[in-house]
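Thanks for passing this one along; here are my notes.

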Amino acid sequence: MPPSDIDCTACGAYCFGTHDRYIALLPDDRARAIPATLTSEVDGRRFMKMCGGHCAQLACTDDARLVCGIYEVRPEACRAFRAGSFECVKARQHRGALAEAMRNPAPARPETSGPEADLPPAHVIAVIPNGRMKPPA
């Protein structure tokens, strides 16, 4: 897929990371108006805060697009990321499912009501066979 066909707000995989040191602030970022409350310090270096496995500034719009809450002043590391690049392809492969889950969360399960609400879970009432099970004839 050509980079021009990739809409980052329809993906958002790059914004997902598994640790607090995922998005480092670089010297060029000092001049940006990134509020200190949105960053954390680890071993003397500043990083964007992470929340729920993604950058805390990532938000889902009503039309299921993933957007940056500080896009105009986003860090250099985010600015340098290019749609369709090797890094983009890897992010989509490894974290695309996480982004998809954020865009389209699973519907809430309705509360069970009626007589079945009083039944124990199936694994509690299941009979465990003694000995070896015989294959069906």
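**Notes on the loops, pairs and helix**

1. Let's start with A64, which is found in the loop between β5 (58–60) and β6 (66–68). Please keep in mind throughout that this is a predicted model. The phi of A64 is near 65°, a positive value in a residue other than glycine. Most residues other than glycine have a negative phi. With a relative accessible area of 25%, A64 is partly exposed.

2. D43 sits in the loop between β1 and β2 (45–48). Is D43 buried or exposed? Its relative accessibility is 68%, so D43 counts as exposed.

3. D43 also has a charged partner. R21 forms a salt bridge with D43, and the closest N and O atoms are 2.7 Å apart. Because R21 lies in the segment before β1 and D43 in the loop between β1 and β2, the pair ties together parts that are 22 residues apart in sequence. R21 counts as partly exposed, at 43% relative accessibility.

4. How many salt bridges does a search of the whole structure find? It finds 5. Side chains of opposite charge can pair when their charged atoms come close. Besides the R21 and D43 pair, I would point you to R32: its side chain meets that of D29 in a salt bridge at 2.9 Å, N to O. D29 is buried, with a relative accessible area of 5%.

5. R32 meets E76 as well, in a salt bridge of 2.6 Å, N to O. This pair links distant parts of the chain, with E76 in helix α1 and R32 in the segment before β1, 44 residues apart. E76 is partly exposed, its relative accessible area being 25%. Taken together, D29, R32 and E76 are linked in a network of salt bridges.

6. Now for the rings. The whole structure holds 2 aromatic pairs. In one of them, the rings of Y14 and Y22 have their centres 6.1 Å apart and their planes at 45°, so the pair is tilted.

7. Y14 lies in the segment before β1 (39–42) and F81 in the loop between α1 (76–80) and α2 (86–103), so the pair ties together parts that are 67 residues apart in sequence. Both Y14 and F81 are buried. Y14, Y22 and F81 form one aromatic cluster.

8. A further ring to check is that of Y71. The charged end of R74 sits over the ring of Y71, 3.8 Å from its centre.

9. Finally, have a look at α2. Where is the kink in α2 centred? The kink, of about 65°, is centred on R95. C88, A91, A99 and R103 are buried in this helix. The buried residues of α2 pack against β5 and β6, which brings us back to A64, in the loop between those strands.

How values were computed:
Residues numbered from 1 in each chain as written. Predicted model: local features only at pLDDT ≥ 70, side-chain atom pairs only at ≥ 80, totals over all residues. Heavy atoms only, no water. Phe/Tyr/Trp six-rings, centres within 6.5 Å; stacked < 30°, edge-to-face > 60°. Helix = DSSP H or I, 4+ residues; strand = E, 2+ residues; numbered from the N terminus. Buried < 20%, exposed > 50% of the residue type's maximum accessible area, 1.4 Å probe, protein only. Lys NZ or Arg CZ within 6 Å of the ring centre and 35° of its normal. Bend = angle between axes of the 7 residues up to and from the residue. Contact = heavy atoms within 4.5 Å. Salt bridge = Lys/Arg side-chain N within 4 Å of Asp/Glu carboxyl O.
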